[in-house]
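Visitor: I have a model to look at. Please walk me through the labels and what stands behind them.

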Amino acid sequence: MNRQYFTKSSTTLPPSCPNVSLFRFLGAAGISLSGRSVLELGFGGNHGADLLTMFARGAASCIGLDINKTYVDSFNNSIANDYPPTDREWEGCSSSIHAICCDIASFDYTQIGKIDIVFGRDIIY
């Protein structure tokens, strides 16, 4: 399925837009997201917009880590309710995208398996 453009937006998350600079960089560097596993550290700042865009651009698995439980719960709820598997545009979304509440400094990364692309935005460590 070609998911280069999507029109559905969440009804439970505040409006947000993906990091345009990130996607320009990936495109300019020739980095394809098709079939890749993606991990975003501190995804809550833009309410998961980058994770949703990664999926829409072909990523097979998208995981977001954030220390803010409210962000994580809201995002996981939105994935479960706003992007139904019956919607062809988001087919597979609910099983391919999820968020985990944790401290990225002490998280056991072995529990999420192989990751192809790791990125973070606005993280102070």
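**The cores and helix H2**

Guide: Met-54, Phe-75 and Ile-97 touch the most other members of the largest nonpolar core, which has 23 residues. This is a predicted model: local features need pLDDT of at least 70, side-chain atom pairs count only at pLDDT 80 or more, and totals for chains, interfaces and linings use all residues. Residues are numbered from 1 along each chain as its sequence is written, and side-chain values use heavy atoms, with hydrogens and water left out.

Visitor: What makes a set of residues a nonpolar core?

Guide: Its members are buried Ala, Val, Leu, Ile, Met, Phe, Trp, Tyr and Cys residues, joined through side-chain atoms within 4.5 Å. Here H1 (20-28), H2 (49-56), H3 (69-82), E3 (97-101) and E4 (117-120) each give two or more. H2 gives the largest share, five residues. A second, separate core has eight residues, including Leu-39, Leu-65, Ile-100 and Cys-102.

Visitor: Which residues does Ile-97 touch, not counting residues up to four places away in sequence?

Guide: Leu-51, Leu-52, Phe-55, Cys-62, Phe-75 and Ile-79. Contact means heavy atoms within 4.5 Å.

Visitor: Why is H2 called mostly covered?

Guide: Buried means under 20% relative accessible area, exposed over 50%, partly exposed in between (1.4 Å probe, protein chains only). Eight of the eight residues of H2 are buried, so H2 is mostly covered. Asp-50 and Thr-53 are among them.

Terms used. Helices (H or I, at least four residues) and strands (E, at least two) are DSSP runs, numbered from the N terminus.
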